[in-house]
Amino acid sequence: MQAWHFTEMPYPHVPQGDALESMRVTIPSKLYDPKIGSDLYNRYLDEHVIADELGLNIMLNEHHQTATCLDAAAPLMAAILARQTKNARICILGNPIANRGDPIRIAEEMAIIDNISRGRLDVGVVRGVPYEIFAANTNPTQTLERLWEGVDLIVRAWTSHDGPFNFEGRFTHRRVVNVWPRPYQQPHPMIWITGSSDYDNIKKVASRGYVFATFLQPHDKVKLMFDAYRSTMADHGLPGGAGMAFMPLVFTADSEEEAEKGAKELTWYMHTKTPPQFRNPPGYVGVETNVKALQGAYTGRTDAVRAKGMDYLREQGVLMYGTPDSVARQIKRYYDLVGGFDHLLMMQQAGFLDHKRTVASMTLFAKEVYPQIRDLPRTQVQKAKAMA
Amino acid sequence: MLTTDQRKTLIHVSGMDIELERRGRGQPLLLLYGEEGLEPDAPFIDELAKDFELFIPSPPGFGHSERPEWLSNIDDIAYVYLDLVEKLALKNSPVVGFSFGGWLAAEIATKDDSFISRLVLVGAYGIKAGGPFDRDIADFWSLHPSEVLKLKWHDPEKGKRDFPSMPEEKLAIVARNVESLARFCWEPFMHNPKLKRRLHRIKMPTRLIWGEHDGIVTPAYGKAYADAIPGATLQVIPGAGHFPQLEQPETFMAALREFLR
């Protein structure tokens with residue numbers, strides 16, 4: 001089991017709750033104070049450097065036009081950390097390939113970072129969450145098609161070393177694709193792809209031997225996703241190396257009481273407001289799901305989660321907090337409930353959680369929790385042994 | 001194959017099944033409904049069917065019409081409809097289009113207007129009237145739904161729809177229409193940058209009918225549209241928003257009859 005430190009790099013110093021029409025897409029930048037913001041950028045980068053020193057890996061992501069995430073260009077952060085860290089693997093999860101619209105540029109950026117870090121880069125690729133559609137203006141009805149065309153083009157660009165090839169796809173046309181530099185890792189860095197309950201897509205991720213990642217989902221749903229991934233890996237007779245990743249909110253402290261306080265601050269992330277039109281752009285989900293939405297199936301779901309509170313989130317495995325032994329038990333429980341997984345992506349900072357308490361939680365995790373879970377078998381390795 | 005009610009048939013054209021509803025008797029009239037598909041169920045259609053045989057196709061991806069993957073914009077749909085018109089052997093027909101259907105009617109007319117006797121565009125999208133920083137067409141996809149309702153309807157109460165009590169089959173069409181509209185019209189948003197430069201090709205008598213309080217495409221937008229079509233006239237209907245045919249059906253029908261007479 002590999003553990004990864006993550007923060008969305010929030011800018012929480014904006015009006016909270018209903019005082020704001022939206023935390024995303026339309027939030028005016030006059031609410032951003034560059035003095036506070038520049039401190040935050042540097043602080044979050046410091047925390048990633050500390051993660052490296054503690055023996056944790058680093059996960060980065062990007063979002064646009066939002067106070068929930070100052071990292072609007074994850075490759076920039078990854079490039080800085082490629083120089084400032086020594087051992088950590090760095091995973092951008094991910095490059096919003098459908099929204100960026102230029103897969104070759106992503107191939108180049110990732111190849112450069114892979115070289116600077118001397119092969120410590122994992123390249124996540126994401127379809128992009130619904131509200132991201134508006135900043136990017138990409139067609140909401142075909143983000144998955146864009147994602148896969150882009151991934152296939154990037155991989156070809158990374159692995160072609162005998163001069164140019166041409167590409168005339170549905171979304172991208174190039175007459176002479178010839179990416180310099182080639183990646184440091186051969187044949188190319190590991191690709192990660194995120195998803196939720198679109199099983200066809202999970203199977204596609206598995207059949208290509210890529211890592212599948214999912215965020216903040218209850219264990220019963222994740223079990224089904226990971227089962228779909230595992231059975232496809234087995235069907236294709238693929239060797240180990242890829243695997244599955246899950247992200248909960250994680251807070252570790254010396255006392256249960258202190259941990260609960262920290263965990264509560266992490267849930268800030270779940271209360272950030274987005275108006276309805278940005279939550280479900282037209283055609284982002286299929287007709288069947290939209291029929292249920294019209295019938296009112298999803299209204300008030302967030303409110304329900306809020307009302308059920310921390311215990312509920314903890315039971316689902318979305319929120320893990322407590323003393324080191326307790327956190328280790330919660331991770332092992334989740335591991336068992338979902339049939340095992342390979343990467344624990346930990347959102348260990350959110351909202352107003354300050355530097356001191358963030359680092360205290362990270363440190364306690366690295367020193368007292370990580371040793372208890374590090375040897376949980378990687379799914380594929382276990383399978384290979386079982387078969388032998 | 002998709003099921004369809006008795007007045008409707010599926011016609012195979014341009015390699016896809018297109019749903020076609022036929023109603024009434026008299027001179028043929030091609031009616032192109034708007035993106036929400038509200039017109040075929042509206043009372044004014046029954047009035048119109050007393051004087052005309054109405055041909056009401058569903059665009060690819062709307063109603064029960066197929067939406068092949070290769071279709072990407074309204075230009076493609078216009079060519080499918082020209083094949084349909086040929087198959088139905090429509091001649092000397094008025095064409096009446098509402099909103100998205102109005103845009104489609106304008107696209108068709110710029111490509112081949114030989115079968116059209118008169119053209120009526122009601123609250124039509126399709127052109128970019130202003131500059132890059134102008135929001136010519138209200139962005140109903142990034143505004144709050146309650147705000148969109150106010151822009152669309154002079155009386156927003158009339159626009160409220162009770163989705164939870166609708167049958168699932170109907171909701172599936174609502175959801176599918178929204179998805180298809182986004183597929184074809186997300187970017188450029190509800191217009192074809194080339195259309196304005198092609199409208200001069202429309203030679204038959206053309207009437208644009210607009211709701212005075214249309215907040216999605218304003219009467220000023222309607223005027224810019226009319227100015228680009230030789231000899232076209234704009235008629236503004238008071239007490240109506242984006243759907244004068246639904247909010248003021250009597251005034252609308254009087255205007256339509258007067259023009260089609």
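1. Between the two chains, 17 residues of chain A are in contact with 20 residues of chain B, contact being defined as C-beta atoms, placed from the backbone, within 7 Å. Helix 10 (276–279) and helix 11 (287–294) of chain A are the elements that give two or more residues to the chain A side. Helix 11 of chain A supplies four residues, the largest share. Helices (H or I, at least four residues) and strands (E, at least two) are DSSP runs, numbered from the N terminus.

2. The chain A side that touches chain B divides into nine nonpolar, eight polar and no charged residues. Here Ala, Val, Leu, Ile, Met, Phe, Trp, Tyr, Cys and Pro count as nonpolar, Asp, Glu, Lys and Arg as charged, and the others, Gly among them, as polar.

3. On provenance: this is a predicted model, in which local features need pLDDT of at least 70 and side-chain atom pairs count only at pLDDT 80 or more, while totals for chains, interfaces and linings use all residues. Residues are numbered from 1 along each chain as its sequence is written, and chains are lettered from A and ligands numbered from 1 in the order in which they are written.

4. Chain B has ten helices and eight strands. Its C-alpha trace spans about 45 × 45 × 40 Å along the principal axes.

5. Of the 261 residues in chain B, 46% are buried. A residue is buried if 20 or more other C-beta atoms lie within 10 Å of its own, exposed if 12 or fewer, and partly exposed in between. Among chain B contacts between residues at least 6 apart in sequence, 73% join residues at least 24 apart.

6. The eight strands of chain B form an open sheet with mixed pairing, in the order 1-2-4-3-5-6-7-8. Strand 1 (8–13) and strand 8 (233–237) of chain B are the edges, each pairing on one side only; two strands pair if DSSP finds at least two bridges between them. Strand 2 (residues 16–23) and strand 4 (residues 52–57) of chain B run antiparallel and are joined by four bridges. Leu20(B) stands opposite Pro57(B) in strand 4 of chain B.

7. Lys264(A) lies in helix 9 (residues 256–266) of chain A. Lys264(A) is partly exposed, because 16 other C-beta atoms lie within 10 Å.
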